[in-house]
Amino acid sequence: MTAALFEVRRTTEQDWAEIRALRLEMLADTPHAYLETVADAAARDESGWRRRAARTAGPGAISLAAILTDGAEAGRWVGTMAAILPVGAAGARLVGVYVSPGWRGATSGVSDALLDGIEEWAGLHGDVLTLEVHQDSTAARRFYKRRGFEETGAVQPYPLNPKQLELEMAKPLRAEQAGGPRLLGGGSR
Ligand SMILES: CC(C)(COP(=O)(O)OP(=O)(O)OC[C@H]1O[C@@H](n2cnc3c(N)ncnc32)[C@H](O)[C@@H]1OP(=O)(O)O)[C@@H](O)C(=O)NCCC(=O)NCCS
């Protein structure tokens, strides 16, 4: 059996420098997928990055990183996903979704492994996992659809360009809602 090429783990405040590097990469790669500009993120100082990293290290949120474990690039961060628990919501919200271009696609397994981890955590905190995706994020919308998310019909202007839309998608996390028994976190594959 081939050894895993990457691991997925929770991030902590101590990871602030790696979180910063990957955040700047994702904001430059797909600006419309996020709610801040690369210039704003680049201007944040170490204490700001530490505060940001600490926010998702506590009990009310989670941030996961996919980190290469083999080869010359061992230690490189190649993907991240996070989730928060909005006040009054029925479940968690998926945010900060990114996989580096060379590690996208179901074959590498990075995006699926990250989402598996988020779904496992979200299932402990509610019955549904929701997200907002930019209208032009075609690959992301296909990925979410493959993983069992459906558009709810709710839309809102994209805050950084209100002429564009963000679409809400949701995935039920309980077996009875998903149409049959399955293992929690096992996704729809
Ligand atoms: C969103 C993301 C994590 C999905 O991971 P992934 O590994 O690419 O996911 P998959 O390969 O399973 O799915 C991508 C789908 O889009 C398709 N796709 C890839 N690039 C595409 C493009 N430029 N245009 C249209 N479809 C595209 C793939 O063929 C695949 O569709 P299929 O399963 O029907 O063949 C990754 O694409 C990414 O990081 N994108 C940039 C950031 C982003 O958009 N984040 C989302 C914020 S809501």
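Biologist: Let's start with Arg23: in which helix is Arg23 found?
Modeller: Bear in mind that this is a predicted model, where local features need pLDDT of at least 70, side-chain atom pairs count only at pLDDT 80 or more, and totals for chains, interfaces and linings use all residues. Residues are numbered from 1 along each chain as its sequence is written. Helices (H or I, at least four residues) and strands (E, at least two) are DSSP runs, numbered from the N terminus. Arg23 sits in helix α1.

Biologist: Does Arg23 count as buried or exposed?
Modeller: A residue is buried if 20 or more other C-beta atoms, placed from the backbone, lie within 10 Å of its own, exposed if 12 or fewer, and partly exposed in between. Arg23 has 22 C-beta neighbours inside 10 Å, so Arg23 counts as buried.

Biologist: How far apart in space are Arg23 and Gly96, C-alpha to C-alpha?
Modeller: In sequence, 73 residues separate Arg23 and Gly96. Their C-alpha atoms, though, are apart in space by 8.7 Å.

Biologist: How are α1 and α3 oriented to each other?
Modeller: Axes are lines fitted to C-alpha atoms, for helices over the stretch in contact, with angles from 0 to 180 degrees between N-to-C directions. The axes of α1 (residues 16-29) and α3 (residues 46-55) come within 9 Å and cross at roughly 95 degrees. Angles under 35 degrees count as roughly parallel, over 145 as roughly antiparallel, 65 to 115 as roughly perpendicular and the rest as oblique. So α1 and α3 are roughly perpendicular.

Biologist: Which residues of α3 meet α1?
Modeller: Contact is C-beta atoms, placed from the backbone, within 7 Å. On the α1 side we have Trp16, Ile19 and Arg20, and these meet Glu46, Trp49, Arg50 and Ala53.

Biologist: Which element supplies the largest share of the shell around the ligand?
Modeller: Being near means a C-beta atom, placed from the backbone, within 6 Å of the molecule. Of the 17 residues around the ligand, Arg104, Ser111, Ala139, Ala140 and Arg142 come nearest. β4 (92-99) and α5 (138-146) each give at least two residues to the shell. The largest share, six residues, comes from α5.

Biologist: And Ala139, is that one buried or exposed?
Modeller: Ala139 lies in helix α5. Ala139 has 12 other C-beta atoms within 10 Å, so Ala139 is exposed.

Biologist: Which residues is Ile118 in contact with, beyond its neighbours within four places in sequence?
Modeller: Ile118 belongs to the largest nonpolar core, of 36 residues, and is one of the members that touch the most others. Such a core is a set of buried Ala, Val, Leu, Ile, Met, Phe, Trp, Tyr and Cys residues joined through C-beta atoms within 7 Å. Ile118's contacts are Ile62, Leu64, Met81, Ala83 and Leu94.

Note on methods. Contact = placed C-beta atoms within 7 Å.
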